[in-house]
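Today I went through the aromatic rings in this one. Notes below, starting with the pairs.

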Amino acid sequence: MSGSNRQRLNLCFVGWGAIARRVGELLAERHPQGIKIVTVAVRDHHRRRDDLPAGVQLISEPAELAGLDLDMVIEAAGRDAVAVWGEAALRGAASFIVSSTSAFCDDALLERLVSVAKETGSRIVVPSGALGDLGALAAASVLPLQEVVHSIVKPPRAWRGTPAETMLDLDTLAVASPFFDGSAREAAARFPQNANVAVISALSGIGLDKTRVVLVADPAARRNTHRVEAQGAFGRLDLTLENEPLATNPKSSEMTALSLVRLIENAVAPLVR
C-alpha cells in the first residue's frame, strides 16, 4: 500500500473456521481503524451463516476475487486451499497470507506462487503463527546455521485424528511420549493440522529438509508448547512458548489467531511493533 491509502485495509478470508472466526471476533472487539472484512471465501456460499460480520460478501470461486479492491487475502482453510486460491489472491490483492504453511512442502506450488508474486508485485506472507515471532531466527539465518530443532508438545487430545493414533495409545498414555523425529517437511506433510508451524520455523531458518522436528504427546501438558533451538555463527537460540489451545480447536493455538491480528493491524499502524 502507498502512503496515501495506508489507513484502509480491505480483507478477504479464505475459510471461516475456528481461526478465521477468532480473528474476526478480536478485530470486532479492537475496532482497528480502516480495517474491513469485505468478503469470505467458502465452499458453499448458499449455506446460511449467522456468525459472519455484517455486510460481508460470500464467494466460492477464485475468479470472484477480481474487482473486489482487496488489500489482503488471508488463507485459513487448510493446505488444499493454498493451491486453489493462491494465484487469484496474488493477482487480486497486494498480499496473500498463508496460514496453512504445510502446503509449501510442495516445492512446485511454492515456486509457482513466488513466480506469480514476482509478476504481479504482490507478496506471499508467512505469519508467525503459534510461534509468536521468529524474527531472531530469521535474522540469525543471515549467517550460516548449524542446526535448528523444533519440538512440539501437546496433550493427547490434540493429536486425535492424526497418525499419532496409530503410534500411541492416546487414551492410556501415562508419560510424555515422543512419536515422531524427522524433517520439517515430513512433519508438516504427515501432521498438517498440528505441525503447520514446523514450516514456519523451517522457512525462517535452514529449510524444510534440514530443520529437525520432534512431536510429543504429553498427558501432563495443559498447553501447546513449542521449543525452537538453533545454533550457528550468530550464537545460540532457545525459544519456548506455552500456548493456550484455541477454545474451539485444540489442534491450534490461540497464538495462531493472535499473530494474524497483529499482522493485520501492523499493516495500517503508524508504529509497527
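I counted five aromatic pairs, taking rings of Phe, Tyr and Trp (its six-membered ring) as paired if their centres lie within 6.5 Å. I called planes under 30 degrees apart stacked, over 60 edge-to-face and the rest tilted. Phe13 and Trp16 went down as edge-to-face because their ring centres are 5.8 Å apart and their planes stand at 75 degrees.

Caveat for myself: this is a predicted model, where local features need pLDDT of at least 70 and side-chain atom pairs count only at pLDDT 80 or more, while totals for chains, interfaces and linings use all residues. Residues are numbered from 1 along each chain as its sequence is written, and side-chain values use heavy atoms, with hydrogens and water left out.

Next I looked up Trp159 and Phe191, an edge-to-face pair with 6.1 Å centre to centre and 90 degrees between the planes. Trp159 sits in the loop between strand E7 (145–154) and strand E8 (177–183), and Phe191 in the loop between helix H5 (184–190) and helix H6 (196–204), so the pair ties together parts 32 residues apart in sequence. Helices (H or I, at least four residues) and strands (E, at least two) are DSSP runs, numbered from the N terminus.

Are these two buried or exposed? Trp159 is buried at 0% relative accessible area, and Phe191 is buried at 1%. My cut-offs: buried is under 20% relative accessible area, exposed over 50%, partly exposed in between (1.4 Å probe, protein chains only).

I also noted that Trp159, Phe179, Phe180 and Phe191 form one aromatic cluster.
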